[in-house]
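This briefing is meant to be read with the structure open beside it. Please take the topics one after another and find each named element before moving on.

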Amino acid sequence: MIASPKLRSLLSEGILEIILVLFCIFLSFSAPGFLTAGNLLNVLRNVSMQGVIAFGMTMVIISGEIDLSVGSAVAFAGCLTAFITQTLAGDTFGLPLHVAIPIAICATLTVGFFVGTFTGIMRTKFQVPSFITTLALMTGLSGAAELITNGFPLTPFPSWYNFIGGGYLFGIPFPALIFLLVFATLQFLMNYTSFGRSVYAVGGNAEAARLSGIDVNRVKRLVLGTTALLAALSGIMQSSEIMSGTATTAKGWELDIIAAVIIGGTSLMGGVGRIWGTMIGVVFLGVIMNGMTLLNVSEYWQHVVRGALILVAVLLNLLQKGKSQR
Amino acid sequence: MDSAVHRLETVSLRKEYPGTLALDDVSVSFTGGKIHALIGKNGAGKSTLVKLLAGAIQPTRGSILVNGEEVRLRSPRDALRRGIITVHQELSLVPELSVAENVLLGRLPRKPWLGVSIIDWRTVFDRAKDILTNLGIDIDVRLKAGRLGVAQQQVVEIAKAMSYNPSVLILDEPTSALAQHETERLFELLRTLAARGVVLLYITHRLQELQRIADTVTVLRNGSLVGVVDIAEASTARIVQMMFGEILQRTKPAGLVAREEPFMEVRKLSKRNAFRNIHFTVRRGEILGIAGLLGSGRTELLRALFGADPPDEGEILIEGTAVRPSSPMEMKRLGVALTPENRKEQGLVLPLSTRLNVCLSSLDRITTGGFLTRARERAVVEKSIRDLDIAVANAEAPVASLSGGNQQKVVVGKWLNIEPRLVLFDEPTRGIDLQAKQQMFQIIWDMSARGIGSIVVSSELEELLDVCHRILIMRQGEIVGEVRPSDISLDQLFAACMEEQA
């Protein structure tokens, strides 16, 4: 059907990018206000909190693991930050907020990292699949968030705290900047470090990686730890945006995030995937939500379209793979 | 039961794969009532022939005839319909179902009950019992198949196959997991079957069985039919000669001798259910062969030396210092490398590119503080491709797209990049073509000249004779002898590996 092999390879390599661009062109004609700087930055800001986790999730899935606990981890991290802030700024310690909040943030990120490392240790020491451990953590962390907040939002934050999740720097939403920074970091990590190489090797064939003298267990622990750390970061951003620690936020995020990763071409079988692909997947989902809202399409339809997109993207990926193997 | 004498023929049967000729115009005829052994080394074409007969793959050209009638086998189902049944080495019984259900799987007798069709259990058990009794087999048909021993499962599998009334029954290494007395019982069963006119094709690598079970021996080598001989007129030496062919004298370079200093000393190394009391020394630049059959513990020994499966007891010294081979990481640090037996599953990360695979073991050498230097990486990859003469069009393409020989070179290259001191080769020439084999030997010799030692495990005994300075003979987990290639002939070495086996 297609004449030039060059065009064909472009089409099969970048098919998702092309569909995204076509979709944006369509929206810029049909949806008033889509193609404005303000709206596009808004899209970035809307996807940023799930997006930072999606990059970590990409590593996890490439390494052959999965993390179902990230949604609960976001809620838990927000609540923990609020709780620590409240405690440190309360009567017992009496620290000023500009001291209490940085401590709370650092503590939350650390806890996040160790939660992920825990999943990694369960996986490598006791052979508990990460699917199981993180399923347990999904429930457990959600409960823990309810416990430390007693079921009510905690609101110890001063107005300047809103900057992290709601502020602007050089006219760009600050959470969008964090999102881009995380993207750049993980893009570099996965492509230009021996660690990134090891992640692909471990996911592609753990036994061959081990017999190549790669510390498979360490790679798995670090990957899961990093992703849980990013979930904690996302939770902090979220708590800043809504200015509270609320146990009921971010429900179901894990599935949205995994969907974005899969749309971006990462294989659930491990060993195959790109951080850039996830960027496309995340933005694609954001643009669909945004565009359909602008077009006044009901939210119910948005869910149907997202579902269809996941299937189509995976099918495209499989077809492309089948072709390249022939 | 049908007692006509069946016949199976192939006419110029040929199977080509891209870059390899797996079966080269094989024309052979097998008559019923006899047991025909099919033998050959790994890669000789045995399994290709079996797969063609079982309908699992289609021939490039040529035909298969059953009782004089040409049959086209497009699928295993076709083969079944034409009366060709294969019992594979891996048993396929459902362990949680009874023996009777396994025998009649997919065709359980039914009866009407209250207007619906239900399984008629009484008939299931009766019919299965009849089938077994008819073959002189005494096994309780109500037992779960999983509770039977391997030998009995094998027997049930054969009974199941026979219940289809086949013209041709193919047995793929049926005795590989059996003990001596179980083998005898199986042979009795096979003789019963042969007496009914069925064509029995028996694939084995145990030469000592041939005299006891086979009527004729069909030998394949490099995809071609070498010959068919009656067992009465075939000595073991003759069969070995047919399997291995005229031995080409590929002598290692003159003057290639091991250095004096020992590199690795192994003392009283043991691992449960794998090997016992292993004792040897390998010197710098020495090429040490380990000859032994599948299951002799040779692979387990190499994996233990590399820290992949640490040994239970014993001592390993590297340059006089005791080390504990606790992990591949640790042994890599000491300059020990392993190219595993199964390169696709253990040696390579197939979805990744040649470039990434070549650098897999030496990531710390192309990085500075964990960060990759593309230029240094490119240099390493290009050097490997050039030095090992890896035929790769695009180093970015998945390594899965390379031929077997080139994949093996990638595995070797991966390890040469760490500048190893001792490389453990497990079946380095399995599934690679003649030219690639030659290149592999050259690589091993070149390493030796640079003081890098090798331990080579191979089923290809004639290759060990060509390549090594010294050969250890391993049998049932123990080292039973040591020889120099110049002091022993191929059939003597073969006999030494087989002795007292089974």
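This is a predicted model: local features need pLDDT of at least 70, side-chain atom pairs count only at pLDDT 80 or more; totals for chains, interfaces and linings use all residues.

- Strands of a sheet pair through backbone hydrogen bonds, and the pairing can be either parallel or antiparallel.

**A six-stranded open sheet in chain B**

- Six strands of chain B make up an open sheet with mixed pairing, and their order is S18-S21-S22-S15-S23-S24.
- Strand S18 (336-339) and strand S24 (478-483) of chain B each have a single partner strand, so they stand at the edges and one side of each is left without a neighbour in the sheet.
- On average, and with direction ignored, neighbouring strands of this sheet are turned by 20 degrees against each other.
- The pairing of S18(B) with strand S21 (residues 422-426) of chain B is parallel and extends over four bridges, and within that pairing B:Val336 stands opposite B:Leu422.
- Helix H17 (residues 490-498) of chain B lies across strand S15 (287-291), strand S23 (470-475) and S24 of chain B, and this helix runs at about 35 degrees to S23(B).

**One residue in detail: B:Val457**

- B:Val457 belongs to strand S22 (residues 453-458) of chain B.
- Is B:Val457 buried or exposed? B:Val457 counts as buried because 23 C-beta neighbours lie inside 10 Å, where the cut-off for a buried residue is 20 or more.
- When neighbours within four places in sequence are left aside, the residues in contact with B:Val457 include B:Ile290, B:Leu302 and B:Phe425, as well as the charged residues B:Arg298, B:Asp426 and B:Glu427.
- B:Glu341 is 116 residues away from B:Val457 in sequence, yet the C-alpha atoms of the two are 8.9 Å apart in space.

**Domains of chain B and its contact with chain A**

- Chain B is divided into domain 1 (7-83 + 165-244), domain 2 (249-335 + 422-502) and domain 3 (345-419), and the centres of domain 1 and domain 3, taken over C-alpha atoms, are separated by 40 Å.
- In the contact between the chains, 24 residues of chain B meet 20 residues of chain A.
- Helix H10 (328-333), helix H11 (343-347) and strand S20 (371-372) of chain B each supply at least two residues of the side that touches chain A.
- That side of chain B divides into 15 nonpolar, five polar and four charged residues.

**Two helices of chain A**

- Helix H8 (residues 174-192) and helix H9 (residues 194-204) of chain A pack with their axes 5 Å apart, at an angle of about 75 degrees, which means that H8(A) is roughly perpendicular to H9(A).
- H8(A) makes the contact through A:Leu189, A:Met190, A:Asn191 and A:Tyr192, and H9(A) through A:Phe195, A:Gly196 and A:Val199.
- The residues of this contact are five nonpolar and two polar, with no charged residue among them.

Notes:
Residues are numbered from 1 along each chain as its sequence is written. Chains are lettered from A and ligands numbered from 1 in the order in which they are written. A residue is buried if 20 or more other C-beta atoms lie within 10 Å of its own, exposed if 12 or fewer, and partly exposed in between; C-beta atoms are placed from the backbone. Two residues are in contact if their C-beta atoms, placed from the backbone, lie within 7 Å. Axes are lines fitted to C-alpha atoms, for helices over the stretch in contact, and angles run from 0 to 180 degrees between N-to-C directions. Angles under 35 degrees count as roughly parallel, over 145 as roughly antiparallel, 65 to 115 as roughly perpendicular and the rest as oblique. Domain bounds come from an automatic or database domain assignment. Two strands pair if DSSP finds at least two bridges between them.
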